[in-house]
Protein chains: 2
Amino acid sequence: MTASAIDRSGARDHGAPRARARAPRVVRVALAGCGTVGASLVTLIRRQRALFEARHGVTFELVRILVRDPAKERGVVLPRHLLTTSMDDFLRTDADVVVEAIGGFDPAERVVREALAAGRHVVTANKALIAAHGPALQRLADDQGASLQFEAAVGGGVPVVRTLRGELGGHGVRTITGILNGTTNFLLTAVAEGTRFADALRDAQARGFAEADPSRDLNGLDAADKIRILAWLAWGVDPSTLDVRVEPLPADPDPLAALAKARDGVLKYLAGAVRGDDGTVRAWVRPVIIPRDHALAAVRDEENAVHIDSESLGLLRLQGRGAGGSATASAVLGDLLGAVR
Amino acid sequence: MTASAIDRSGARDHGAPRARARAPRVVRVALAGCGTVGASLVTLIRRQRALFEARHGVTFELVRILVRDPAKERGVVLPRHLLTTSMDDFLRTDADVVVEAIGGFDPAERVVREALAAGRHVVTANKALIAAHGPALQRLADDQGASLQFEAAVGGGVPVVRTLRGELGGHGVRTITGILNGTTNFLLTAVAEGTRFADALRDAQARGFAEADPSRDLNGLDAADKIRILAWLAWGVDPSTLDVRVEPLPADPDPLAALAKARDGVLKYLAGAVRGDDGTVRAWVRPVIIPRDHALAAVRDEENAVHIDSESLGLLRLQGRGAGGSATASAVLGDLLGAVR
């Protein structure tokens, strides 16, 4: 397929953003972990193949998938010969890009470090890993001439990492405020509409919006990892040592939500960071009652939003789907494109 | 300066997003045009020099500035030896990146074409040029292995071009709706607050938010160029032949604004594009009365906003400063970084 490919509509594709008359470049992708995000990514890569060849001149070829249980049902057909349960076998695979979709530290950290050390590009959605080791992993990537991409680690499909790495990086960012945890926002939206918190949580777990163990969402540690990453990108502070004051959601937020309603406000679980005039950065995660007409009050269900106030751009607002396999996989796919261009 | 540079706060800079221990790479920048955007860019490059060296490992060195009148007052000190009024002299300059900040077609188009043909990266804020010749210029860039960046052409500081070129490019975008003209939004915000349109226009011109000749803003052609570019990026259609139905603002919008108020709504000047199930793309620019609680009703003054609805991401909203030299220059600077990374 070439730049003058015929798309589904039968119209000539004018090849935005990067038309190429050459045969598509094959990019070999090794995927570590095939849960919700990994399986969504495999589906997206297959569905977008023709468009990616026409638009971006690349074809992503899955060359190895690291899984714990090859027999597990994933809602997507995976060729048996691509699956491996052996970390050594996976790391030996000759890939251009390694996608880490395992989460947590062990063995995700080993996958990322060894892939970068071998000069492979790495794409990850792993907020805990980036919050703890982002600067060191970035140095390793830079030293090896490899690309480290993690758009999906913060904000799901909301392009906040790209924005802070791009024109806003170092451009006099003053404050960052946002709703960075889709699970708690989904719960608080239901509570604001009259559902009891305990019922909303049970419903969210049944529908897959909350994990079986939602404690890192409810106690604020998930949002804290994300605001650490954004503060690192905005100001260059070490995310692992940044002081984040975290106030968990109350075990029963219903009374606080009722108080918000009585005050014509809305209870939201916010995260923020600010750089003072002396250069110190302070960050926080806490439940806040905000006025009903505040822009963040309109962020509903599993949406995320980030407001970035900077000297050169004023207030920039980004808002969109923050949770769910397809939003995260879409961000990972954007990173794959960014890594190989 | 190195990756362990000391930033203004005295804290060690942890080098997000790309720390480098090497000496900064010097990137030679030739600037065509030094009006509001060009002068703001020169100021920004100087102000951010230390941070860019530490964060991104690059130093932008201005090597030539093409101007019509070297004696003109620009609010920024320009070394005389960098200035030239000769197009041939400018095009012969050995630069890594050419920034086109002239606007319009002649001589902007020649600058962009010859720079790309010489294999130089090009950054431009020129919406008319990209709307008319984007695909051809992109092919030229691709053939030469050069980068063509135009984030500032649409949305000012709102990162919509980057977003559509990245994870959303070809990802089943269904509709794009937005406020793409900051001048008319500034005027309609004043009108909604009770100012007569004629007075608001005079005020905007005095304060530099509206040009002496604002006809391309008021008749919708500016917004039409921008929605053409977004439709090209989203769906690969040829922007120059895309049918955009353009309805100008009424010569006196006061009665329509009064009607909006009577209906508890707000008059906004919107642009949009939609891809039908048969693959055809339709685009439009027109004044619309929207409900007061609609997200676009909260876009005030010179702000721009873009809402992108896609299969994989649902509704993504981007909102921020759309007009003004510093927002545009900031987007150009982000493109400069993107072009050389």
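Which residue stands opposite Ile179(B) in strand 11 of chain B? In the predicted model examined here, that position is taken by Ala305(B), and the pairing belongs to an antiparallel arrangement in which strand 7 and strand 11 of chain B are joined over six bridges.

For the complex, the predictor gives an ipTM of 0.87 and a pTM of 0.89. Chain A has a mean pLDDT of 89, with 92% of its residues reaching 70 or more. Residues 1–11 of chain A are a stretch over which pLDDT stays under 50, and for these residues the model has 24 contacts beyond four places in sequence. Residues 16–21 of chain A likewise stay under 50 in pLDDT, and here the model has 26 contacts beyond four places in sequence.

Twelve strands form an open sheet of mixed pairing, ordered 8(A)-10(A)-9(A)-7(A)-11(A)-12(A)-12(B)-11(B)-7(B)-9(B)-10(B)-8(B).

Within chain A, strand 7 (residues 173–179) pairs with strand 11 in the antiparallel sense over six bridges, and Gly178(A) stands opposite Val306(A) of strand 11. Strand 7 of chain A also pairs with strand 9 (residues 265–275) of chain A, again in the antiparallel sense, over four bridges; Thr175(A) has Val274(A) of strand 9 as its bridge partner. Strand 11 (residues 303–310) of chain A is mostly covered, six of its eight residues being buried. An antiparallel pairing over eight bridges links strand 11 of chain A to strand 12 (residues 314–321) of chain A, with Ala305(A) standing opposite Gln319(A) of strand 12. These two strands form a hairpin with three residues between them.

In chain B, strand 7 is mostly covered, with five of its seven residues buried. Besides its pairing with strand 11 of chain B, strand 7 of chain B runs antiparallel to strand 9 of chain B, to which four bridges join it; the bridge partner of Gly178(B) in strand 9 is Ala271(B).

Strand 9 of chain B also contains Lys268(B). Lys268(B) has 23 other C-beta atoms within 10 Å, and because the threshold for burial is 20 or more, the residue is classed as buried. Leaving aside neighbours within four places in sequence, Lys268(B) is in contact with Ile179(B), Leu188(B), Val288(B), Ile290(B), Leu296(B) and Ala297(B). The C-alpha atoms of Lys268(B) and Thr189(B) are separated by 8.5 Å, although the two residues lie 79 residues apart along the chain.

Helix 7 (residues 182–192) of chain B is largely enclosed by the rest of the structure, because nine of its eleven residues are buried. The buried residues are Gly182(B), Thr183(B), Thr184(B), Asn185(B), Phe186(B), Leu187(B), Leu188(B), Ala190(B) and Val191(B). They pack against strand 7 (173–179), helix 8 (197–206), helix 9 (215–218), helix 11, strand 9 and strand 11 (303–310) of chain B. Following helix 7 of chain B is Gly194(B), whose phi is positive, near 105°.

A further helix contact in chain B involves helix 5 (residues 127–144) and helix 10 (residues 221–235), whose axes come within 8 Å and cross at roughly 35°; the crossing is left-handed. From helix 5 of chain B, the contact is made by Lys127(B), Ala128(B), Ile130(B), Ala131(B), Gly134(B) and Pro135(B), which meet Asp225(B), Lys226(B), Arg228(B), Ile229(B) and Trp232(B) of helix 10 of chain B. By residue class, this contact comprises six nonpolar, one polar and four charged residues.

Notes
Residues numbered from 1 in each chain as written. Chains lettered and ligands numbered in written order. Predicted model: local features only at pLDDT ≥ 70, side-chain atom pairs only at ≥ 80, totals over all residues. Buried ≥ 20, exposed ≤ 12 C-beta atoms within 10 Å, placed from the backbone. Pairing = 2+ DSSP bridges. Axes fitted to C-alpha atoms, helices over the stretch in contact; angles between N-to-C directions. Left-handed = near helix turned anticlockwise from the far one by under 90°. Contact = placed C-beta atoms within 7 Å. Nonpolar A, V, L, I, M, F, W, Y, C, P; charged D, E, K, R; others polar. pLDDT = per-residue confidence, 0-100.
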